[in-house]
Amino acid sequence: MQTETSIPDYLTADFSMYLENMDSLADPENPDLLSNYLSSLFEQLKEMPLLFNGMVDQLAMAILTKVRVNSKSLAALPLSQEPTWEEVKPFVGVHADARDCITEIMTHAEQDLKTAILLIHFYNSYDSKPLKAEEEDDDQYDNYDDNDYDENY
């Protein structure tokens, strides 16, 4: 049975952008496109750690391969309300070659970093397949007479 992943209100706009970007780069005909793009983003970020200040979807993409989010443990937090960085931080591991860059972001753009980590967390557990629609009850339409419709509308 498919479960529904509920994206908290405070993340919906950023998550939508992140999902759209990730999906647009996941090309089965060019499987390296996403990987190459993510590597390129991180190299830019490494040169200028605050490059994506205010663009958390791009920041999340840039650090995706450089952080490890313990989503199983993070999911135990009540994420319907926005957590603090201190609550999220214990569930994040950083690759050695990204530590300086991530530390710089954490020092100057902690909110963006936290949001980017949460985007990664929800993306990792997001199932983009649509949920099976429930069968609708056609009885609600049985009370209308066919003559009640204006065909000249």
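I looked up what covers the buried residues of α6 (buried: under 20% relative accessible area, exposed: over 50%, partly exposed: in between; 1.4 Å probe, protein chains only). The cover includes α2 (32-47), α3 (56-63), β1 (67-69), β2 (92-94) and α7, with contact taken as heavy atoms within 4.5 Å. Helices (H or I, at least four residues) and strands (E, at least two) are DSSP runs, numbered from the N terminus.

The model is predicted: local features need pLDDT of at least 70, side-chain atom pairs count only at pLDDT 80 or more, and totals for chains, interfaces and linings use all residues. Residues are numbered from 1 along each chain as its sequence is written, and side-chain values use heavy atoms, with hydrogens and water left out.

Next, α6 itself (residues 99-108). I find C101, I102 and I105 buried there. Seen down the helix axis they fall within an arc of 95°, so they line one face of α6; the arc is that of the directions from the axis to the C-beta atoms. The face turned away from the buried side carries exposed D100 and T107.

Then aromatic pairs. I searched the whole structure and got two. Rings of Phe, Tyr and Trp (its six-membered ring) pair if their centres lie within 6.5 Å; planes under 30 degrees apart are stacked, over 60 edge-to-face, the rest tilted.

F15 and Y126 have ring centres 5.1 Å apart and planes at 65°, so I log them as edge-to-face. F15 is buried at 4% relative accessibility. Y126 is partly exposed at 30%.

Y18 and Y123 are also edge-to-face, 5.2 Å centre to centre with 85° between planes. Y18 lies in α1 and Y123 in α7, so this pair ties together parts 105 residues apart in sequence. Y18 is buried at 0%; Y123 is partly exposed at 22%.
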